[in-house]
Amino acid sequence: MKRSVNRQIVISGVGGQGVLFITRLLAEAAIMKGFRVFTSETHGMAQRGGTVLSHLKIGDFSSPLIRPFQADGLIALKSESILQHGAFLKKGGWIFVNSPKKSDAGFNTYVIDADAVSLKAENPKSVNLVILGFALKERKDLEVEGKSLFCTFEDIKQVLAAQLKGKGKMLDASLSALESGYAVSIK
Amino acid sequence: MLGNEAIAQGLLEEGCSVATSYPGTPASEILASFVKIKEKNSLPAHSQWAINEKVAFEIAYAGCIAGLRTAVSMKQVGLNVASDPLMSAAYMGTKGGFVVISADDPGPHSSQTEQDSRLMAMMAKIPVLDPDSPAQAKDMISIGYDLSEAFEIPVMLRPTTRVCHSRQDIEAGKFGSFEKKAVFEKNPSRWAATPKFRFRLHTELEKKLEKIAAYEKTAPVKLNRKAASKKAVIVSGVAAAHTKEIMKDLGLWDKIPLFQVIQPYPLHRKFISSLRAGYDEVLVIEETAPVIEMQITDRRIVKGKLDGFVSGVGEIEPEAIEQMLCDFAGLKKEKIAIAQQPGRRPTLCAGCPHRASFFAIKKAAPKGIYTSDIGCYTLGLNLGAVDTVLCMGAAISQAEGFYHAFKNDGKRPDIVATIGDSTFFHAGIPALIDTVVQNVGFTLVILDNRTTAMTGNQPTPSSGFGASGETLESVDIEALVRGCGVKFCKTGDPCKTKEFIPLVKEAVSYAREKGPAVVIARHPCIIDSRRAGEKTEKIIVGITDACEGCEYCIKHFECPAILFDNDKKRAEIDPLLCSGCGVCVNVCPKKAIVIR
């Protein structure tokens, strides 16, 4: 019998940012921890710079899609995603958003300028991992209500190492991107 | 596993010896995963990308006639291309098991139509299985082979986007045996049947269907045993996955019987009569056409698409199912109205060679009619360089159609067709020959980026390698075009703007006077060359104060790396996105985009 932890998370951005990759990492982390998992992903034409949306459901579900007002959280690789996909969130849901500006979205919103972090590291294609690293920071306020991500920074590092096995340079760059996001403090 | 990986895993666990496909969203990863798993485990199965779905179907079908288990996969519109062999294969039947996987795309997310492949199964008279999840799709491969071999009939598996592109935790099983040897027993009255024998085969097919409509393993399943009511809900495919979860959330699980249909066609006869006998009202939720619903002949008890209770278009989203269940069960629920914010429209990648080709075409034939085709370059419509997109290969035949339509006009428009290399091979060649025979004055630009880009960079017949990267023969596009009888055929690099624009101009003026002219725009796909780790000289560009904010570059070039700063009223380069192709320096009318 697999352990039960129910989480519904929306991950969104635009094609080319690597939404699918971090969805995959989170799904693999869930499997590694013995949870049941469902994701639904956007492939095809939208991957050419269009809006890309992933649904991630951990726990006892049979449908791959999240209904409006059901999501625990949103990971937004573009700030415009909050307007587009904020309707999925429950009251009191959390948002991790990539934006240079403060957000007034009204949820538990945590902002990181992941574009700037990745540019500074001269790894502009790593925005996805930077924000994921940031989202994995331990947060007391979310833990209390049992709404945090279902996995830890160490879990994702382990999954990343397995996914990019044999791709030494890429793995190093990816780990360092993840760590750079994790190192950013919450404002 | 991704749904498509689960299907591939299922095929190999069932000992599928031949798998063929032509790429198309949402089916593309089925063959790609088949190859990956097969290579990793050194399984002796044959797998290949075929030139189109018809050819893919016929290769796999011959394999099953020789007694092997085989499969062909494609997207729903691909099945249109393969429909000719499908209809006949249903009559002739199979020896080894044969599974036809046709992935539908309700929405549509990445397709021209929302057509329901289950209707094609009905037309061909073959059974079709409708999975609700990656795990069930994998199980249905096993059921499908058993069914196919029990009745010597092709079986269709019809997953939808939400099955193909869902990921689920699934345990892999043991691989099947690949020891079976191919045996072809000659039987011309079956494998080469003339009309007289076809009639006999059709009669036999009807008898098979009668039995399949009573086949135990694919009968509809009542999911909630305890529920009893005079109302019932019938679901199939991913609608079943949504409905299960929502009925539990709404507290209807123990109240209203929920039946999941495994095999929408032929619908089990006993099930149809049990509905009539046991229920006053049944709600049918399925995607996309009312296939199950139409077979429930007592219309008085059915709610569904035919009476407008369920929408007949688009994907059935879980929130819509929630609303339907509440209405059906008489539960009160506030209607949820969500203001949908428009998302970003897709665009060609920064550095995509197609953008450069379209820019040249608009310069060479500014008032032309631009017919185009299926692929990334469909996005040329954002640039005003694509006027028509019908189906695979139609860029060329529609160009011919426009030529004939305007033939008697005093001033005929220039007609420029664009088609990708893979699409040209798929369905463009017969059309091109037709334009030679009819001496059609039009320009064809073959956008040769040496890959099938939109679906995930699968090889084309000119790539020189196959599905697992193995070396194969390569077909020379120039020689092929010349072989079709085209007299003007020149190749250029679209990213060398200064040479490429005159080349397209030359072709357009040739076409005006003499007949079909072909330009091969050859430059590798940027995604492909990045993946291959190819290093190219990066040209760093910037925008000078000469920029007047006219937005010409934004409207006519639409590169994601050129942004418009609304505060400063001028264009800016985004260094995160710029690929360094340098094409844009030739675009600005004020020469404000410069090399730094």
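Colleague: Where in chain B is the place of Thr288(B)?
Modeller: In this predicted model, Thr288(B) belongs to the loop between strand 11 and helix 13 (291–295) of chain B. The peptide bond from Glu287(B) to Thr288(B) is cis, and its omega is near -10 degrees.

Colleague: What is the order of the strands in the open sheet of five in chain B?
Modeller: The order is 8-10-9-11-12, and the pairing is mixed. Its edges are strand 8 (221–222) and strand 12 (302–303) of chain B.

Colleague: What makes strand 8 and strand 12 of chain B edge strands?
Modeller: Each of the two pairs on one side only.

Colleague: How do you know that strand 9 and strand 10 of chain B pair?
Modeller: A pair needs at least two bridges. Strand 9 (residues 231–235) and strand 10 (residues 258–260) of chain B share three bridges, in the parallel sense. They therefore count as paired under the cut-off of at least two bridges. Within this pair, Ile234(B) is opposite Phe259(B) of strand 10.

Colleague: Which helices of chain B pack on this sheet?
Modeller: One of them is helix 11 (residues 238–249) of chain B, which touches strand 9, strand 10 and strand 11 (281–285) and makes about 140 degrees with the direction of strand 9. Another is helix 14 (residues 318–329) of chain B, which touches strand 9, strand 11 and strand 12, at about 175 degrees to the direction of strand 11.

Colleague: What is the pairing in the open sheet of six strands in chain B?
Modeller: Parallel, with the strands in the order 2-1-3-4-6-5. Strand 2 (46–49) and strand 5 (128–129) of chain B are the edges, since each pairs on one side only.

Colleague: How many bridges join strand 4 of chain B to strand 6 of chain B?
Modeller: Three bridges link strand 4 (residues 98–103) to strand 6 (residues 155–157), and the strands run parallel. Ile101(B) is opposite Leu157(B) of strand 6.

Colleague: Why are helix 6 and helix 7 of chain A called roughly antiparallel?
Modeller: The angle between helix 6 (residues 153–163) and helix 7 (residues 168–183) of chain A is about 165 degrees, with axes 10 Å apart. The cut-off for roughly antiparallel is over 145. The value of about 165 degrees passes that cut-off, so the two helices are roughly antiparallel. Among the residues that meet are Phe153(A) and Leu160(A) from helix 6, and Leu171(A) and Tyr182(A) from helix 7. This contact divides into eight nonpolar residues, one polar and one charged.

Colleague: What makes Phe69(A) stand out?
Modeller: Phe69(A) has a positive phi of about 65 degrees although it is not a glycine. Its place is the loop between strand 3 (51–58) and strand 4 (71–76) of chain A.

Colleague: How many residues does each chain give to the contact between chain A and chain B?
Modeller: Chain A gives 31 residues and chain B gives 33 residues. On the side of chain A, the largest share is the four residues of strand 2 of chain A. That side has 15 nonpolar, eleven polar and five charged residues.

Colleague: How do you know that strand 2 of chain A pairs with strand 7 of chain B?
Modeller: There are three bridges between strand 2 of chain A and strand 7 (residues 166–168) of chain B, in the antiparallel sense. The requirement is at least two bridges, so this counts as a pair. Phe38(A) has Gln168(B) as its bridge partner.

Conventions:
Residues are numbered from 1 along each chain as its sequence is written. Chains are lettered from A and ligands numbered from 1 in the order in which they are written. This is a predicted model: local features need pLDDT of at least 70, side-chain atom pairs count only at pLDDT 80 or more; totals for chains, interfaces and linings use all residues. Two residues are in contact if their C-beta atoms, placed from the backbone, lie within 7 Å. Axes are lines fitted to C-alpha atoms, for helices over the stretch in contact, and angles run from 0 to 180 degrees between N-to-C directions. Ala, Val, Leu, Ile, Met, Phe, Trp, Tyr, Cys and Pro count as nonpolar, Asp, Glu, Lys and Arg as charged, and the others, Gly among them, as polar. Angles under 35 degrees count as roughly parallel, over 145 as roughly antiparallel, 65 to 115 as roughly perpendicular and the rest as oblique.
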